[in-house]
Amino acid sequence: MDLSVRDITFCKNVGSRRADILRKELKVVTALDLLYHFPYRYIDRSRFYRISEIADEDTAVQIIGQITEYHSIGVGPSKRLSATFTDGTSNIELVWFKGVKYVKLELNTPYLLFGKPSLFNHTWNIVHPELTPMSKVKPEMTLGLEPQYPTTEGMKRAGMTSKGLRQIIASLLPDLRAGVPDTLGADLKAKYKLVSLTEALLNVHFPKDTASMQRARERLKFEELFYIQLQILRQAKRREKNIGYPMPLVGKKFHAFYRDHLPFELTGAQKRVLHEIHGDLKSGRQMNRLLQGDVGSGKTLVALLCALLAADNGYQTCIMVPTEILAKQHMETVSRMLEGTGVKVALLTGSTTRVQRGPLHEALRSGEIDILIGTHALIEDEVQFANLGLCIIDEQHRFGVKQRSRLWLKNEHAPHILVMTATPIPRTLAMTMYGDLQVSTIDELPPGRKPVQTFHYTFNRRQSINDFIRKQIALGRQIYVVYPLIKENEKLDMQDLQNGFNQLCETFPEYRISMVHGQMKAADKEAQMQRFVQGETQILVATTVIEVGVNVPNATVMIIENAERFGLSQLHQLRGRVGRGADQSYCVLVTRTELAKPTRQRMDIMVATNDGFKIADTDLKLRGPGEMEGTLQSGTPFELRIASLVTDGQLLEIARHAAKDILDEDPDLSSDMNRIYKHRLDILRQSGQANMLWGEIL
Ligand code: ADP
Ligand code: MG
């Protein structure tokens, strides 16, 4: 039966409970969908290691040896079992935390040991190893490449570990061998020397050998990148025809502000990006531009100047930001700068009351208001503009795609779009994600900034950290202390935050401390925040609600607790909250003592550099392999199933060319030969896999 219509529920070893989980966690509905769930790596079961050869924590190893001693520790549920395993070259510790009573060990019997070593207290050990008596080892266990599949916690609980998935997928092989319809045309396969889809799927899951596995992966990576590019380039072609409101004038409002109200000289980079943006605004075509610039590089000012250009041409602007606090802060900054210019600004957030909304709506409809600053309340609300011409979206990564697309409906044509982000995007990622999006970069900070100094402390050096806090406060400065908040264990995190707050209160009875977190009422949050902004409190304890954009120049110390749990770009964003005034600022990363290698690398790069671009590159490099750790947590805004933005840059260019060649000849993909591509794009779109791209909504 055709695998693409075969419901996964009815496949061998699945059933309705597992099918539910597969659907929810992997979006797998059909048997073919599951075949597109690729191994993240292969373990070479034909290779045997000696214990003395073990060199890193990332490679699972297979060793033949014996147990010389074992003992259990503790009682009841916390009982552990520990054993010493030797192969004559050295020893390794084996540890079991779970299911201890089922583990049966025999001394001086040859075993085949398999597992991933880790270093603990300077000795190698393997937690929950696979241990098989040599007498029971079947030849196929030690042959060839064994695929390892990414899984989620939910999948594991339902027995769909990597091994479980291997069994399910293996049972699909007979039908797969009968052949599946290809997703690439014969000419394309010939031109780029790609194997058929059937062969690729067979060899990606159960490779005959390394060479056929590599050919399979190359073909599947090509397919993935090719369809993304096809999608993006088609969208781009369509968008070229989008009319944009023409804004040729540089008029009174802009000039008056520039001459009389600009508090400082623009940096060279600010001038350059402004020029690029103005080029788009006057072109008559709709602008889609990404403005990237590190934290503190002065994007707000650029946004304001763009809004003035729009106003000079008779258009309104909305500036959308992710949080209420940030909206208020922008409102204050912008209205202060605009004082005396006659340009009208208004604020709309979730806490704007019904009574306030009435006149606000009216003023927007009449065109009296030039600039509207707000949170997503601004799109959900039924506001109508007299003539919305420009949308500026700040800190874009916080907005969902759906939310953004609603902005487009506020005027006859789509307004010009400027997306501002402080998280620079590496080139390969930009090409894949945005493809056609224009990018402007502010690569220069305003003069006179002192780079933030960053330190990495382990939590057992609390005393030094506290001393440091005391010294800085004595100098009149303020301190942020930030805790991670992760959805999955929000409760525990809140406890961390509360404990942290209590401890600080105990340690510093002489200081006043505010606390903010996402679960507080907006008004309370705002009040706590304001106390800190006004300098009434010296310390602000917070979850990441402060991550984006707040500006308190007197705060010079950013302490990030449990820093190991933050991603690099988040750490960098948080650090950007300090270093905004004239004083030397500091960032302290507090972690536990034993860190996995990638985590240590994250801390090291943070200490070593303040350059957001370097950090973004490292992030991608570290996350590349990180994404393959065997748990699904996509770091990128959309999921790449098999290609890697770190290592497949070249293949990406080739796939892009292939897509471009086809579209140049047949933009609608209507020829017989190209129908296959159109069909596949439709399927991808229906399954929601293409929607994650920007292109889809513009
Ligand atoms: P971000 O790019 O992170 O949004 P902001 O727009 O908040 O940065 O700017 C950070 C700070 O730098 C603000 O206090 C702003 O007033 C100041 N600033 C912006 N441009 C300049 C400039 N050309 N010269 C000096 N200070 C500037
Ligand atoms: Mg900003």
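A right-handed β-α-β unit is built from strand E12, helix H13 (residues 354–366) and strand E13; right-handed here says that, with the strands pointing away from the viewer, the path from the first strand over the helix to the second runs clockwise. Helices (H or I, at least four residues) and strands (E, at least two) are DSSP runs, numbered from the N terminus. The model is predicted, with pLDDT of at least 70 needed for local features and 80 or more for side-chain atom pairs, while totals for chains, interfaces and linings use all residues. Residues are numbered from 1 along each chain as its sequence is written, chains are lettered from A and ligands numbered from 1 in the order in which they are written, and side-chain values use heavy atoms, without hydrogens or water.

Within this unit, E12 (residues 345–348) pairs with E13 (residues 371–374) in the parallel sense through four bridges; pairing requires at least two bridges found by DSSP. Leu-348 sits opposite Gly-374 in E13.

Elsewhere, seven strands form an open sheet with mixed pairing, in the order E6-E7-E4-E3-E2-E5-E8. Its edges are E6 (117–120) and E8 (130–133), each pairing on one side only. In this sheet, E2 (residues 61–73) and E5 (residues 111–115) run antiparallel and are joined by five bridges, with Gly-65 opposite Tyr-111 in E5.

Phe-48 is partly exposed, at a relative accessible area of 38% (partly exposed lies between buried, under 20%, and exposed, over 50%, with a 1.4 Å probe and protein chains only).
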